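Please open the model in a viewer and keep the selection tool at hand.

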Amino acid sequence: MQEQYMLPCLNKKLFGFECMGCGMQRSLSLLFHGEFIAAFKMYPAIYLLVPFAIVIVTSFFYKFKYINKIINGLAIASVLIIIISFIAKKIF
């Protein structure tokens, strides 16, 4: 029911193959509904992207000593997981 309100993947519609962000909306929806394992299977990077977003929003209001290192670490880890899961999805 909720999938009718989700944005379609423009890359998939135009070129016929999934992009590195395909599955993120469904994974976030599954996460909000408490289906944690299904959310991870749908898009493994969701568990780093949510804290990453929280840290970025929090950094606008509160300044921490090591906030830049935390943001950089989460960004690098998120990108690596996105790339690895994308490649794994194509291979398997």
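Begin by selecting Lys 12 and Glu 18, whose side chains form a salt bridge with an N to O distance of 3.4 Å. A salt bridge here is a side-chain nitrogen of Lys or Arg within 4 Å of a carboxyl oxygen of Asp or Glu. The model is a predicted one, in which local features need pLDDT of at least 70 and side-chain atom pairs count only at pLDDT 80 or more, while totals for chains, interfaces and linings use all residues. Residues are numbered from 1 along each chain as its sequence is written, and side-chain values use heavy atoms, with hydrogens and water left out.

Helices, numbered from the N terminus, are DSSP runs of H or I with at least four residues, and strands are runs of E with at least two.

Next, select Met 20, which lies in the loop between α1 (10-15) and α2 (24-32). Met 20 is partly exposed, with a relative accessible area of 40%. Together with Val 79, Ile 83, Ile 87, Ile 91 and Phe 92, Met 20 makes a nonpolar surface patch of about 640 Å². Such patches are made of residues with over 30% relative accessible area and no salt bridge, with nonpolar side chains (Val, Leu, Ile, Met, Phe, Trp, Tyr) joined within 5 Å and like charges within 9 Å.

Move on to Phe 32, in helix α2. Phe 32 counts as exposed, at 68% relative accessibility. Its C-alpha atom is separated by 14 Å from that of Pro 51, which is 19 residues away along the chain.

The largest nonpolar core has 8 residues: Leu 30, Leu 31, Ala 39, Tyr 43, Ala 45, Ile 46, Leu 49 and Ile 82. Helices α2 and α4 each supply at least two residues of this core. Apart from it lies another core, of 5 residues, including Val 55, Ile 67, Ile 71 and Leu 74. A nonpolar core is a set of buried Ala, Val, Leu, Ile, Met, Phe, Trp, Tyr and Cys residues joined through side-chain atoms within 4.5 Å.

Select helix α4 (residues 46-61) next. Its buried residues are Ile 46, Leu 49, Phe 52, Val 55 and Ser 59, and their cover includes α2, α3 (36-42) and α5 (67-91).

Finally, display the whole chain. The protein has 5 helices and 0 strands, and its C-alpha trace spans about 45 × 30 × 25 Å along the principal axes. Buried residues make up 23% of its 92 residues.

Key
Accessible areas come from the Shrake-Rupley method with a 1.4 Å probe; for residues, only the protein chains shown count as cover. Buried means under 20% relative accessible area, exposed over 50%, partly exposed in between (1.4 Å probe, protein chains only). Contact means heavy atoms within 4.5 Å.
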